[in-house]
Amino acid sequence: MIQYLNSQAQSIKLNVLPSIEGKSDAKNSFDLQYSTTINDDDNTIFVTAIKVEVEHLGEFQISVLFVSFFKSSKPLEKDFIDSDFAGINAPAIAYPYLRSLISTITVNSGFSPAVLPTINFVQARKDLEIK
């Protein structure tokens with residue numbers, strides 16, 4: 001059995017960007033990277049780390065490192081990292097908490113809310129395997 005323990009933002013950087021007027025071709029950007037590792041001190045705990053960078057041109061740029069902790073009822077082997085749970089399910093469980101955090105931070109900071117896209121982690125994992 002695997003249990004979700006908690007999540008925390010380990011790093012948040014928010015920068016105000018200069019206003020861009022008259023640039024209709026300017027686009028917002030979104031970048032996401034994630035990985036899962038087994039805790040060195042306790043091999044029943046694993047961590048999924050998600051790094052997101054979002055830029056709303058003419059408003060803000062935000063970068064967040066967000067980690068979620070999970071616990072297994074049994075010790076985890078190294079091959080667990082290659083499992084569907086580690087590569088698909090764990091990030092899919094953690095990501096909505098990150099989406100909410102970023103939206104809340106941006107709106108409470110006086111910006112338009114950054115609503116992150118939904119992510120299909122099955123497809124994201126396939127895309128990572130191709131690279």
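Which residues does threonine 44 touch, not counting residues up to four places away in sequence? Threonine 44 touches Phe70, Lys71, Ser72, Lys74, Pro75 and Leu76, where contact means heavy atoms within 4.5 Å.

The model is predicted, with local features needing pLDDT of at least 70 and side-chain atom pairs counting only at pLDDT 80 or more, while totals for chains, interfaces and linings use all residues. Residues are numbered from 1 along each chain as its sequence is written, and side-chain values use heavy atoms, with hydrogens and water left out.

Threonine 44 lies in the loop between E2 and E3, the helices (H or I, at least four residues) and strands (E, at least two) being DSSP runs numbered from the N terminus. Threonine 44 is buried, with a relative accessible area of 11%; buried means under 20% relative accessible area, exposed over 50%, and partly exposed in between, with a 1.4 Å probe and protein chains only. Its side chain takes part in the two polar contacts tabulated here, a polar contact being a pair of N or O atoms within 3.5 Å, of which, within protein, one must be able to donate a hydrogen and the other to accept it, and residues adjacent in sequence count only if both atoms are side-chain atoms.

| Side chain | Partner side chain | Polar contact |
|---|---|---|
| threonine 44 | aspartate 42 | 2.6 Å |
| threonine 44 | lysine 71 | 2.9 Å |

Strand E4 is mostly covered, as 10 of its 13 residues are buried. E4 runs antiparallel to strand E1 (residues 2-16), to which 13 bridges join it, two strands being paired if DSSP finds at least two bridges between them; within this pairing, tyrosine 4 has phenylalanine 70 of E4 as its bridge partner. E4 also pairs with E3 in the antiparallel sense, over 12 bridges, and here valine 52 has valine 64 of E4 as its bridge partner. E3 and E4 form a hairpin with three residues between them, and glycine 58 in the turn has a positive phi of about 80°.

The largest nonpolar core has 20 residues, and Ile50, Val52, Ile62, Tyr95, Leu98 and Ile102 have the most contacts inside it; such a core is a set of buried Ala, Val, Leu, Ile, Met, Phe, Trp, Tyr and Cys residues joined through side-chain atoms within 4.5 Å. Strands E2 (29-38), E3 (45-56) and E4 (60-72), together with helices H1 (84-108) and H2 (121-130), each supply at least two residues of this core, and H1 gives the most, with six residues. A second, separate core of seven residues includes Phe46, Phe70, Phe80 and Ala86.
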